[in-house]
Amino acid sequence: MSAAKLRLLVGVLAVGVLTAGCGGSTGSSGDGPVTLTLNLFGNMGFKDLYAKYEAAHPNIKIVERTSAYNDHHRNLAAHLATGSGAADVEGIDTGFIAQFRAQPERFVDLRKHGADGLKDRWLPWKWQASVAKNGAQIGYGTDVGGLAMCYRRDLFEKAGLPTERDEVSKLWPDWASYFEAGRKYTANKPEGASFFDGGAQIFNAMIGQAETGYYDASDHVVVATNPVVRSAYDEVLKAVADGESAKLVGSSPAWNTGFAKSQFATIACPAWMLAKIQDQAKAFAGKWDIAAIPGGGGNWGGSYLTVPAQSKHVKEAVDLITWLTAPEQQIEVFKAHGILPSTVATYEKPEVKNLKNAFFNDAPVGQVFTTAALNLKPQYQGPRAGDIQTAIRDAINRVEEGKQDGPQAWEQMLKDVERIEQ
Amino acid sequence: MTLARSGPRRRWAYQLDVKGSPYFYIAPFFLLFGAVGMFPLLYTAYVSLTNWNLLEPTRHWVGLANYAELLTDDYFWNALFNTVSIWLLSTVPQLLAALFIAHMLNRSLRARTFFRMGVLLPNVTSIVAVTIIFAQLFGRDFGMVNWALDLVGLDPVDWQAGTLSSHIAISLIVIWRWTGYNALIYLAAMQTIPEHLYEAATLDGAGQFTQFRKITIPMLRPTIIFTAVVSTIGGFQIIAEPLLFQAGTGNPTGGSDRQFQTVGLYLYEQGFSLYKFGYASAIAWTLCLIIVVMALVNYSVTRRIRRS
């Protein structure tokens, strides 16, 4: 081979490598087997159900991918905006549903696939929260985070508080009496164990019960003017000043350690939190118990399954989410993982209503959480509710860390909220 | 046939081969760089002149408005202060320690290869794992650092809450990961210094420290400039450490009062949490210019090492 030919060959090879790098595989379509992808966050309890669905539908293969809560929703926003990269089924949390509901053209309108006939499956507010301004239904509800208050029996006993769940529930009909009980607890608290985990989490639970939260029904931010927000903020900070808070930031590694090290005696717990407590506080089985949430009702979290309009297998994907969110499957999820369905028909089923949880001293979780879900007053969620929540959490943390006083942190938070709003 | 081979066409092909081939061989790099380096850079410059928000379907040309807003944005200046502070706290001790370690490794030690490889180990560990472990070590209630402080009778520190304390903690992560890497670079340079310089100095009665100051440091000057510039580029782009230092909480605000939010993290917050792509692109370009300026300043400062 001559030198010139060799040079040519090298050049051709180099270009070949380049073009091979650029070419992507094209997606399959047609009558062959269909692979449906689901992008979810955290454990939604579906894994056991996929095999069952695949057995009934031999041409379908299901692949689930999970990522962290915030990453998942950020990726979804990017994939929708750029028109590619989204899965056939995307999970969306309550905190983000309003943001995605504002772009209905990017999702399959489930009304075109028989959604109206299924409407009665769900709690009415759950159904309504994923309906866009133009009437399109973008998702089917999976779970709701009906609220309860989890507490440690042993710590309550040491502090001289009642330990039976009915008496404990009577101790705090409202938040004022909850904080009052906290003061009594704090007066003889066991070493190192505060009354609640962190001010921001309690604030979350309180605001979840209000009729109006951060937005009015026409999507205006009302944080500065809604008296409920300010009074909950002040009440929580009063309790923090009284030494009731363990000053832990929710979901942080330190918060996880807090469970194992008994740093707090109560925690506002939506149904999905039970699995978390059982994971983090393994050594305390039977010492945890569940009482009613102060103020009654309230919601924290809960999710939806949606089908992005860019999916190549719209019909198959819709069939799958219709099946996954059907009452029969939701009962299985509740029994296996304690994740409370939003399909109201399941609440009357004995296997839901009578479910008890041994870890929580045989607390009647079925009855507690279905009651909470039925009692809650639905709250309108605006597009940036999740970001506003974070700004308020930071404000409460600044006070807990002793860096600012309540009014200072409030002023700074309002400026942050203004920036989020634009 | 013979005509064709010896005619002007052949000469033209020969000319092309001689003059053109080199460009052809380096083309793959520049094509790749153009696709994954230059194009994003220029496209980011274009986006920074628009008000593109990922959640809104339309975008408009806004000229330099994003840059004007940035100059009056308290959170940007706060992030820049944090970045400079963390960069200084990490780079200066890191390079000094690396010099010292390299000097030690340059002597005749037992198991020298073992130690030389050992200093590189922190650098090959996963940044995510390292940061999460350091965050645990600096925990408020059950962190090992506070436990040690307690042993010697000092009050515990809420490392994450304070500005200086969080900067120190994050700097330590950087120092831990990069000191060994820089030490190896210095070591390689030290081994090229001719032995007779030291021998002559010893004959003249110069001690160890004088030899280090008068021979080793001046001879290492180009290497020190290189490490200082590379550390500056890395230090100003720092994002993973401050992001993961508040792991689990999910939002890139760098602490409740943005006390450890760096410019990179602020860019990430504006772009991928608030979806303001136009504004985030303006931050990216501003950061790029700052790094260029800082690298030049660094270059001229470290050049003076020998003269002083």
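This is a predicted model: local features need pLDDT of at least 70, side-chain atom pairs count only at pLDDT 80 or more; totals for chains, interfaces and linings use all residues.
Chain B contains 15 helices and 0 strands. Its radius of gyration is 26 Å, well over the 19 Å that the globule rule gives for 308 residues, so chain B is more spread out than a compact globule. Taken along the principal axes, the box filled by the C-alpha atoms of chain B is roughly 95 × 70 × 35 Å.

Within chain B, helix α7 (residues 127-137) packs against helix α9 (residues 163-190) at an angle of about 135 degrees, and the axes of the two helices lie 10 Å apart. Because angles over 145 degrees count as roughly antiparallel and those from 65 to 115 as roughly perpendicular, α7(B) is oblique to α9(B) at this angle. The crossing of α7(B) and α9(B) is right-handed. On the side of α7(B), the contact is made by V130(B), T131(B) and F134(B), while α9(B) contributes A169(B), L172(B), I173(B) and R177(B). Divided by class, the residues in the contact of α7(B) with α9(B) are 5 nonpolar, 1 polar and 1 charged.

Between the two chains, 27 residues of chain A are in contact with 28 residues of chain B. On the side of chain A that touches chain B, at least two residues are supplied by each of α1 (3-22), α3 (69-82), α11 (253-260) and α17 (385-400) of chain A. Of these helices, α3(A) provides the largest share of that side, with 6 residues. The side of chain A that touches chain B comprises, by class, 11 nonpolar, 9 polar and 7 charged residues.

Chain A itself is divided into domain 1, which covers 34-144 + 302-353, and domain 2, which covers 145-298 + 358-421. The centres of domain 1 and domain 2 of chain A, taken over C-alpha atoms, are separated by 28 Å. The contact between the domains takes 20 residues from domain 1 of chain A and 20 residues from domain 2 of chain A. For the side of domain 1 that touches domain 2, α4 (94-101), α5 (124-129), β4 (139-152) and α15 (350-353) of chain A each supply at least two residues, and the largest share, 6 residues, comes from α4(A). By class, the residues on the side of domain 1 of chain A that touches domain 2 of chain A comprise 12 nonpolar, 6 polar and 2 charged.

Methods: Residues are numbered from 1 along each chain as its sequence is written. Chains are lettered from A and ligands numbered from 1 in the order in which they are written. Axes are lines fitted to C-alpha atoms, for helices over the stretch in contact, and angles run from 0 to 180 degrees between N-to-C directions. Helices (H or I, at least four residues) and strands (E, at least two) are DSSP runs, numbered from the N terminus. Angles under 35 degrees count as roughly parallel, over 145 as roughly antiparallel, 65 to 115 as roughly perpendicular and the rest as oblique. A crossing is left-handed if the near helix is turned anticlockwise from the far one by less than a right angle, and right-handed if clockwise. Two residues are in contact if their C-beta atoms, placed from the backbone, lie within 7 Å. Ala, Val, Leu, Ile, Met, Phe, Trp, Tyr, Cys and Pro count as nonpolar, Asp, Glu, Lys and Arg as charged, and the others, Gly among them, as polar. Domain bounds come from an automatic or database domain assignment. The radius of gyration is taken over C-alpha atoms; the globule rule is 2.2 Å times the number of residues to the power 0.38.
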